[in-house]
Amino acid sequence: MVKYADAVFHALADPTRRLMVERLAEGPATVSELARPLPMSLPAVVRHLRILQDSGLVRSSKTGRVRTCRLDRDVFDDAASWFGAQRRHWEARLDRLGEFLDSSDDE
């Protein structure tokens with residue numbers, strides 16, 4: 001995860017790209033299908049897709065003139081693992097802080 005972390009979080013920081021990811025979570029989609037509900041030009045959509053592809057979140061294939069995009073779920077699993085580790089780390093620290101505060105109340 002560390003290798004791709006910055007690119008993944010950068011890609012997911014943008015609301016337009018998150019909408020694209022949400023749509024792709026339903027299944028593969030062509031670039032035109034992804035662009036249809038968005039209030040922007042096709043070249044702008046392609047730029048957003050490039051960022052998603054560079055992060056590893058999205059893979060695409062081309063058949064003739066049609067480019068189809070799909071999520072790479074392994075990258076999402078890596079991100080979820082990273083979040084889980086961070087959560088466990090901070091929960092443990094907060095638990096220790098709570099114990100310390102409880103023990104200082106007793107004094």
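Residues are numbered from 1 along each chain as its sequence is written, and side-chain values rest on heavy atoms, with hydrogens and water left out. Because the model is predicted, local features require a pLDDT of at least 70 and side-chain atom pairs count only at pLDDT 80 or more, whereas totals for chains, interfaces and linings use all residues.

Helices and strands were assigned as DSSP runs numbered from the N terminus, a helix being H or I over at least four residues and a strand being E over at least two. Two strands were taken to pair if DSSP finds at least two bridges between them. Strands of a sheet pair through backbone hydrogen bonds, in either the parallel or the antiparallel sense. In this model three strands make up an open sheet in the order 1-3-2, with antiparallel pairing. Strand 1 and strand 2 stand at the edges with a single partner strand each, so one side of each is left without a neighbour in the sheet. Strand 1, residues 29-30, is joined to strand 3, residues 66-71, by two bridges in the antiparallel sense, and A29 has C69 of strand 3 as its bridge partner. Between strand 2, residues 58-63, and strand 3 there are six bridges, and these two strands also run antiparallel. On this side C69 of strand 3 is the bridge partner of S60, while R67 of strand 3 is the bridge partner of K62. Strands 2 and 3 form a hairpin with two residues between them, and G64 in the turn has a positive phi of about 65°.

Salt bridges were defined by a side-chain nitrogen of Lys or Arg lying within 4 Å of a carboxyl oxygen of Asp or Glu. Side chains of opposite charge can pair when their charged atoms come close. By this rule two salt bridges are counted. In one of them, the side chains of R59 and D72 meet at 3.1 Å, N to O. R59 lies in strand 2 and D72 in the loop between strand 3 and helix 5, so the pair ties together parts that are 13 residues apart in sequence. Relative accessible area was classed as buried when under 20%, exposed when over 50% and partly exposed in between, with a 1.4 Å probe and protein chains only. On this scale R59 is partly exposed at 43%, whereas D72 is buried at 16%. The side chains of R87 and E91 also meet in a salt bridge, at 2.8 Å, N to O; both residues lie in helix 5, four residues apart, or about one turn of the helix. R87 counts as exposed at 57% relative accessibility, and E91 counts as partly exposed at 38%.

Surface patches were built from residues with over 30% relative accessible area and no salt bridge, like charges being joined within 9 Å and nonpolar side chains (Val, Leu, Ile, Met, Phe, Trp, Tyr) within 5 Å. Accessible areas come from the Shrake-Rupley method with a 1.4 Å probe, and for residues only the protein chains shown count as cover. For charges, Lys and Arg count as positive and Asp and Glu as negative, with His and the chain ends not counted; the place of a charge is NZ of Lys, CZ of Arg, CG of Asp or CD of Glu. R50, K62, R65 and R67 form a positive surface patch. A nonpolar surface patch is formed by L94, L97, F100 and L101, with about 410 Å² of accessible area together. L97 has its place in helix 5, residues 73-106, and is partly exposed with a relative accessible area of 41%.

Two further residues were examined by C-alpha separation. R23 lies in helix 2, residues 15-25, and is partly exposed at 27% relative accessibility; R23 and L34 are 11 residues apart in sequence and 7.4 Å apart in space, C-alpha to C-alpha. V66, in strand 3, is partly exposed with a relative accessible area of 42%, and the C-alpha atoms of V66 and R50, 16 residues apart along the chain, are separated by 16 Å.
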